[in-house]
Amino acid sequence: MTTELDLTLTRRVAASPATVYRCWTEPELLKQFFAPRPGKTVDAKLDVRPGGAFYTKMVFEEYGEIESEGCYLIVEPAKRLVFTDCLSADFRPSAQPFFTADLNFIETEEGCEYNVIARHGSAESVKRHEEMGFHEGWGTVARQMAEIAEAIERG
């Protein structure tokens, strides 16, 4: 269920939910798609378990380095992955919480329906995320992730 505090994105991927999940949980795969090109993800530390760290460092020519640290809340292999920057590893409160990402991987005849719900604590956070380019940025990341997942499936 979504509310006015959520932003959503849905894409179809011609790869299995297990492969799409791998893209989100294996650091070397995540680094290939997590930043919208021409940006790059230069570091990813993923401790894929509830309370485990979700850390990334992206580099963009126009913004410089952007580090993000959070933790996983829900880990259901090939089904659902929820992480947040509202908490850091081991559920320690974050100094600057922004949002929680709820990723769902639903099996379809063609492969996977990939759903993202970006949950926010205030209307101001939603507006800020929209102004940062949520739909364009997460849409680009979804396309880049699909390219990798589909290539893995093709072998």
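Against which elements do the buried residues of H3 pack? They pack against E1, E8, E9 and H4, where buried means under 20% relative accessible area and exposed means over 50%, with partly exposed in between (1.4 Å probe, protein chains only). The labels H and E stand for helices (H or I, at least four residues) and strands (E, at least two), which are DSSP runs numbered from the N terminus. This is a predicted model, in which local features need pLDDT of at least 70 and side-chain atom pairs count only at pLDDT 80 or more, while totals for chains, interfaces and linings use all residues. Residues are numbered from 1 along each chain as its sequence is written, and side-chain values use heavy atoms, with hydrogens and water left out.

**The sheet**

- Strands of a sheet pair through backbone hydrogen bonds, either parallel or antiparallel.
- Here 7 strands form an open sheet in the order E1-E9-E8-E5-E4-E3-E2, with antiparallel pairing; two strands count as paired if DSSP finds at least two bridges between them.
- The edges of the sheet are strand E1 (6-13) and strand E2 (40-46), each of which pairs on one side only.
- From one strand to the next the twist averages 20 degrees, and angles run from 0 to 180 degrees between N-to-C directions, with axes being lines fitted to C-alpha atoms, for helices over the stretch in contact.
- E1 pairs with strand E9 (residues 111-120) in the antiparallel sense over 8 bridges, and within this pairing Val 13 stands opposite Cys 112 in E9.
- Helix H4 packs on the sheet, where it touches E1, strand E5 (80-84), strand E8 (99-108) and E9, and its direction makes about 25 degrees with that of E1; contact here means heavy atoms within 4.5 Å.

**Two hairpins**

- Strand E3 (residues 53-60) and strand E4 (residues 64-76) run antiparallel and are joined by 8 bridges, while the hairpin between E3 and E4 passes through 3 residues.
- Ala 53 has Cys 71 in E4 as its bridge partner.
- E4 also pairs with E5 in the antiparallel sense, over 5 bridges, and Tyr 72 stands opposite Phe 83 in E5.
- The hairpin of E4 and E5 has 3 residues between the strands, and in this hairpin Ala 78 takes a positive phi near 65 degrees.

**The helices**

- Helix H1 (residues 17-25) is largely enclosed by the rest of the structure, because 7 of its 9 residues are buried; these are Pro 17, Thr 19, Val 20, Tyr 21, Cys 23, Trp 24 and Thr 25.
- In H3 the buried residues are Ser 125, Val 126 and His 129, and seen down the helix axis they fall within an arc of 100 degrees, so they line one face of the helix; the arc is that of the directions from the helix axis to the C-beta atoms.
- On the other side of H3, Glu 124 and Glu 131 are exposed, and just after this helix Gly 133 takes a positive phi of about 95 degrees.
- His 129 lies in helix H3 (residues 123-131) and has a relative accessible area of 5%, so it counts as buried.
- When residues up to four places away in sequence are not counted, His 129 touches Leu 7, Phe 98, Phe 99, Ala 118, His 120, Phe 134 and Trp 138.
- Thr 140, which is found in helix H4 (residues 134-154), counts as buried at 15% relative accessibility.

**The nonpolar core**

- A nonpolar core is a set of buried Ala, Val, Leu, Ile, Met, Phe, Trp, Tyr and Cys residues joined through side-chain atoms within 4.5 Å.
- The largest such core has 39 residues, of which Val 20, Trp 24, Leu 103, Phe 105, Tyr 114, Trp 138 and Met 145 touch the most other members.
- H4 supplies the largest share of this core, 8 residues.
- Leaving aside neighbours within four places in sequence, Leu 103 is in contact with residues including Trp 24, Leu 81, Phe 83, Tyr 114 and Trp 138.

**The cysteines**

- A search of the whole structure finds 0 disulfides, a disulfide being a pair of cysteine sulfur atoms within 2.5 Å.
- The sulfur of Cys 71 is too far for a bond, because the closest cysteine sulfur, in Cys 86, is 9.3 Å away; Cys 71 is buried, at 0% relative accessibility.
- Cys 112 is in no disulfide, and the nearest cysteine sulfur, that of Cys 23, is 10 Å away; Cys 112 is buried, with a relative accessible area of 0%.
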